[in-house]
Amino acid sequence: MAFALKSPAFTDGESIPPRYSRDGENVSPPLEWKDAPAGAKSFALIIEDPDAPSGTFRHWAIYDIDPQRNILPEGTTAGAKTESLGHGVNDFGNPHYDGPQPPRGHGLHHYHFRLLALDVETLHLDEKAPVDKVMERAKPHILGQAELVGTFERT
């Protein structure tokens, strides 16, 4: 089987429910994965919107995810910190999930949820590392990648 990422909240290529947008409750959607590559020592998750008017907009990065995990429950970064996940600073300037909020009338945007299986336990990043730095540090350690794409539009 192939390394796969899915969400019980929306299917690949379909609309992300408003609850997970910045106009809604701005909580991260639940995510599940299976068949991670052998030898994975951690995971990193990055969410990007390549349809943003100014170029790719980065909404979330978490890293140093335990290799025994296969789910991230809804609202993973909401409330009290209960585990030692690393958090990249997104393009809104926040070290947590910020959901879709494309400009009104800009059309349909595609949000790429990329789960990276890594061959290292930690990326050793500063707590203020931006999402693009998380990706840069992860790239040489990628054993496999699973992707889920959700769409969102503000009219």
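**Reading the model**

Tutor: Let's start with one polar contact (N or O atoms within 3.5 Å, one able to donate a hydrogen and the other to accept it; residues adjacent in sequence count only if both atoms are side-chain atoms): the backbone nitrogen of Ser-15 is 3.4 Å from a polar atom in the side chain of Thr-151. This is a predicted model, where local features need pLDDT of at least 70, side-chain atom pairs count only at pLDDT 80 or more, and totals for chains, interfaces and linings use all residues. Residues are numbered from 1 along each chain as its sequence is written, and side-chain values use heavy atoms, leaving out hydrogens and water.

Student: Is Thr-151 buried or exposed?

Tutor: Buried means under 20% relative accessible area, exposed over 50%, partly exposed in between (1.4 Å probe, protein chains only). Thr-151 has 7% relative accessibility, so it counts as buried. You'll find Thr-151 in strand β8; strands are DSSP runs of E, at least two residues, numbered from the N terminus.

Student: Which residues have the most contacts inside the largest nonpolar core?

Tutor: Nonpolar side chains tend to be buried together in soluble globular proteins. A nonpolar core is a set of buried Ala, Val, Leu, Ile, Met, Phe, Trp, Tyr and Cys residues joined through side-chain atoms within 4.5 Å. Here, the largest has 25 residues, and Leu-5, Trp-33, Leu-45, Ile-65 and Phe-113 have the most contacts inside it. Strand β7 (109-118) is one of those supplying at least two residues, and β7 gives the most, with 4.
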